[in-house]
Amino acid sequence: MDLVDLIAEKRFLGQEFLTWLWWKSEERGGSVAIPGEGDITVVFEKHMLLESGEGESSEKLICTGLQTELQEARTGLQMGKKLEQARIVINHNSYEYSLTMAGALMEYRNVRLPKTEATENDKSDKPEEVEGMILERIYLLEELVRLVNVLFGMFLKVRLGANWRDELQMIRQWIAKTAVVV
Amino acid sequence: MGFLKGSASFVRFSVVGELPENSLDFIAQRVIAFSFQDIDETYDEYSIGWVSVLNMFDSQFAYASYVAGDYITLTLRIDERKVSPAILKKIVQKEEERVRREQQVPKLSRSMKVQIKERVRTELMRKAIPIPSIFELCWSLADSTLFFFSTNKKVHAILEDFFKESFGLLIRQQIPYTTAEHLLDDDLREKLERLSPEIFV
C-alpha cells in the first residue's frame with residue numbers, strides 16, 4: 001500500500017497508542033513498568049488535542065492549561081474522541097525528556113532533551129569536543145525514540161494480543177470514571 | 001533548528017536501498033557535488049544544497065566535518081528569491097499607469113499587461129535578497145534511519161527528492177504503522193494488517 005493511503009487508513013493506530021498511553025500512565029500514578037528495565041515515569045500535561053471522525057466530519061478539541069486535570073479532554077474521551085496530540089514528560093534514569101507527540105504521523109514536536117555537560121558545552125572550537133557534543137545530542141534523541149518505541153511496542157503487543165478485551169475493559173472503566181458528570 | 005540546540009521538532013525516515021562499497025568515499029563525493037551554491041551575487045531564483053550543521057556558510061566540509069561517529073549530519077539549505085504579491089501588484093499598477101499615459105491610450109491591451117507584469121516581476125526578483133531556510137538531518141548509517149528536523153510536509157517532499165538525487169537512495173517517513181511493522185514479528189505483523197479501529201467507550 002502506498003504511504004498516502006497507509007497514513008489515511010491507519011491513522012487510528014497512533015491515536016489509539018496515545019490514548020492507551022494516557023490510561024497506562026494514570027493506571028499507576030505516572031509509573032509505567034518497562035519489561036527488563038523497570039519503571040519509567042510518563043506524565044501527560046498542559047496540552048492535548050483530541051479528534052473524532054474522519055475527513056470533513058472530523059471534530060477536534062484542544063485543551064491547554066498549566067494546573068489542569070484535563071477534565072474537558074476526559075469528557076472528550078467519553079464522547080468517543082481519541083488523542084491526536086499530547087504533551088508528554090518521560091523520566092528515565094534521572095533524564096527528563098518532554099515532547100509533544102502527534103499521533104497519526106508520529107511527529108515529535110518541541111522536544112526538550114535533558115541537559116548534560118557535553119550538550120551545554122557548545123562554545124568549544126576543538127573538533128573532538130564539537131563531535132562529542134553532537135554525539136551526545138544524537139544519543140539523547142535516539143534514547144527518546146527508543147523509549148517511545150518500547151512503549152509503542154508494549155501497546156502493540158496488548159492491542160494485537162489475546163488480552164486486548166480485558167485491557168479495553170479497564171480503559172473503558174477509566175474513561176467512564178474520570179470524565180466529569182455535569 | 002533544534003538538532004544541536006534548544007527544542008527540536010522532527011520526524012523519522014527509513015533509508016531504503018544500499019550504499020555502494022566504500023560508502024564514506026561515496027558520501028564524501030556526493031555531499032560535495034550537491035553542496036549548497038550561494039546565489040547572493042547572481043540572479044538565480046532558487047538554490048538548494050548541503051551545508052554544515054554547525055555553520056550554514058560552510059559548504060566545503062573540511063576534514064569530512066559532517067561525520068560524527070556512525071552518523072552523517074547535514075543541513076539542507078534552500079535559498080529562494082521571493083517577491084511579495086502585494087509589492088508586485090503595487091508596482092505593476094504603477095507601471096501600467098505610466099505606460100498608459102506615455103502611449104496616450106484609454107486602456108492597455110491584455111498582452112501589454114502580461115508583458116508589463118512579467119518585466120516588473122523579473123526586475124523585482126533581481127532586487128530581492130534570497131531568503132534562506134535550513135533544515136537539519138542526522139542519518140544513521142548503522143540502522144539506515146534519518147532524523148529530519150522539520151514537520152512541514154512540503155519540506156519532506158523536497159527532502160525526499162533531493163536526498164534521492166544526492167545519494168541515489170529512497171527515504172520513507174516512519175508513521176506508526178510502518179514503525180509497528182519494524183517492531184513486530186511475522187505473526188503479529190499479519191494481525192496488524194487486519195486491524196481495524198477500536199471504540200474506547
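**Strand pairing between the chains.** Two strands are said to pair if DSSP finds at least two bridges between them, and strands (E, at least two residues) and helices (H or I, at least four) are DSSP runs numbered from the N terminus. In this predicted model, local features need pLDDT of at least 70 and side-chain atom pairs count only at pLDDT 80 or more, whereas totals for chains, interfaces and linings use all residues. Residues are numbered from 1 along each chain as its sequence is written, while chains are lettered from A and ligands numbered from 1 in the order in which they are written. Strand 6 of chain A and strand 1 (residues 8-16) of chain B run antiparallel and are joined by two bridges. Opposite A:Tyr108 stands B:Phe10, which belongs to strand 1 of chain B.

**The side of chain A that touches chain B.** With contact meaning that the C-beta atoms of two residues, placed from the backbone, lie within 7 Å, chain A gives 40 residues and chain B gives 36 residues. Helix 5 of chain A provides the largest share of the chain A side, 13 residues. Sorted by class, this side of chain A holds 23 nonpolar (Ala, Val, Leu, Ile, Met, Phe, Trp, Tyr, Cys and Pro), 10 charged (Asp, Glu, Lys and Arg) and seven polar residues (the others, Gly among them).

**Chain A as a whole.** Chain A contains six helices and six strands, which follow one another from the N terminus as α-α-β-β-β-α-β-β-β-α-α-α. Along its principal axes, the C-alpha trace of chain A spans about 60 × 40 × 35 Å.
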